[in-house]
Amino acid sequence: MNAVSITTGFDVAAVRRDFPILAQNINGKPLVYLDSAASSQRPRQVIDAIARYYERDHANVHRGVHTLSQRATDAFEGARDTVRRFINARSTKEIVFTRGTTEAINLVANSFARPVLESGDEILISGLEHHANIVPWQMVCEQTGAALRPIPITQRGEVDFAAFERLIGPRTRLLALAHVSNALGTVVPVERFIAVAKRHGVPVLLDGAQAVPHANVDVQTLDCDFYCFSGHKMCGPTGIGVLYGREALLKSMPPWQGGGDMILTVSFAQSTYNELPWKFEAGTPHIAGAVGLAAAIDYLTSIGMERIAAYERQLLTYATEQLSAIDGVRIIGTAEHKAAVASFELKGVHPHDIGTILDVEGVAIRTGHHCAMPVMEFYDIPATARASFAFYNTHDEIDRLIAAVKKAKSMFS
Ligand SMILES: Cc1ncc(COP(=O)(O)O)c(C=O)c1O
């Protein structure tokens, strides 16, 4: 059933040749990788860029006059500019490299929120959030006496906008929202939320971990204050991610971690801090990670985020139709706008059993709470089975998923 890729002009076979890991058997069956929301795979172009960096250019950045150090610095800072262009930030001063989305959110929690929060202040999040966009706020709330207020979600898995309008108020100090939910795939219409937050003078952080791999993100059009994402979910390396922050805000924030690179001068009496963005990058950074992330961005851009989004929409529609047609399957999360995620349960079969049976068939999905336990609590379920898609997946692979789910069903009936 690969004809669709022909009708859209999306050459998925050519794309797949770029991903060496996909061409293998698991348990004697061709691998069907449907776990890209947890971590995507990497194309040869990214693997090669990292290998080339280590083979030819590696040294520590910023501190050396020798040629290799300059090459490494150019590669690292060049990667920062690639990220800036990708999300249309105004300046590389607004691009801070982190270990990932989690560290980016923790940075904002500790450096932006903690110093200003007072008892009675409030931070708004939604009921859809990944633990990375819950726990850091809980921690600063504990430290400051502020309160964390979750905006409820609806049965379809959408953030309740009317409830949000009721919750935001004079004590709200920050709105921290997922752009796309990892557990359900809901695309949150963040523009509407940002517009209201702006009217209240409330800064907005977006957790873009699941959005950046699937759509064009323009931080200036969004008009958000912070935007966080991870390299490994967008064909880049693990251990590298990005915090975008509006320059004026980043400037006003104290550094979070101290050490080398984030200082201008150090004496025992006092230290002075480096310019943006290095003020927030203490210690030797993940240079190869940044190089790999830039290669991933170049790769995604060469295909085109709009084409990726259009193709993935077809995959999701097809998977949703096929899964829904199986008696006993319930799709969890039926928002009007969704991206790349089909979470489901199968009556009478625990999600972990589905995952295990699918693995025997060579089909890799994720089962569990997906680091979004409040979402599971909302639906009163312990876990879901989650198939998540990327542009390197095919309609044939979805057929394999469906056949494997039917097999799981027959084994338990
Ligand atoms: C929506 C969302 N936010 C945050 C994270 C955390 O990302 P990382 O583990 O790369 O820091 C994830 C990872 O699954 C996610 O899906």
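## About the model

Because the model is predicted, local features need pLDDT of at least 70 and side-chain atom pairs count only at pLDDT 80 or more, while totals for chains, interfaces and linings use all residues. Residues are numbered from 1 along each chain as its sequence is written, and side-chain values use heavy atoms, leaving out hydrogens and water.

## The nonpolar cores

Let's start inside. A nonpolar core is a set of buried Ala, Val, Leu, Ile, Met, Phe, Trp, Tyr and Cys residues joined through side-chain atoms within 4.5 Å, where buried means under 20% relative accessible area with a 1.4 Å probe, protein chains only. The largest core has 110 residues, and Leu175, Tyr227 and Phe391 touch the most other members. Its top contributor is helix α11 (residues 287-303), with twelve residues; helices here are DSSP runs of H or I with at least four residues, and strands are E runs of at least two, numbered from the N terminus.

As for Tyr227, leaving aside residues up to four places away in sequence, its contacts (heavy atoms within 4.5 Å) include His179, Leu206, Val242 and Tyr244.

## Helix α5

Helix α5 (residues 101-113) is mostly covered, with twelve of its 13 residues buried. Among them are Thr101, Glu103, Asn106, Leu107 and Phe112. The end C-alpha atoms of α5 are 17 Å apart, which agrees with the 18 Å that its 13 residues should span at 1.5 Å a residue, since the expected span is 1.5 Å times one less than the number of residues.

## Cavity and pockets

On a 1 Å grid over the protein atoms alone, a cavity is a set of points where a 1.4 Å probe fits but cannot get out, a pocket is an open set with protein on both sides within 12 Å along at least five of seven lines, and lining residues have an atom within 4 Å of a point. The structure holds one cavity of 30 Å³ or more. The largest cavity has a volume of about 70 Å³, and its lining includes Ser36, Lys233, Glu312 and Phe391.

The largest pocket has a volume of about 650 Å³. Of its 27 lining residues, Val187, Arg313, His337, Lys338 and Ala339 lie nearest its centre, and α12 supplies the largest share of the lining, six residues. The second largest pocket has a volume of about 430 Å³, with Ala38, His130, His232, Lys233 and Cys371 the closest lining residues to its centre. Both α5 and β16 (366-368) give two or more residues to that lining.

How values were computed: Buried means under 20% relative accessible area, exposed over 50%, partly exposed in between (1.4 Å probe, protein chains only). Grid points are joined across faces, edges and corners, and a volume is the space filled by probe spheres set on the points.
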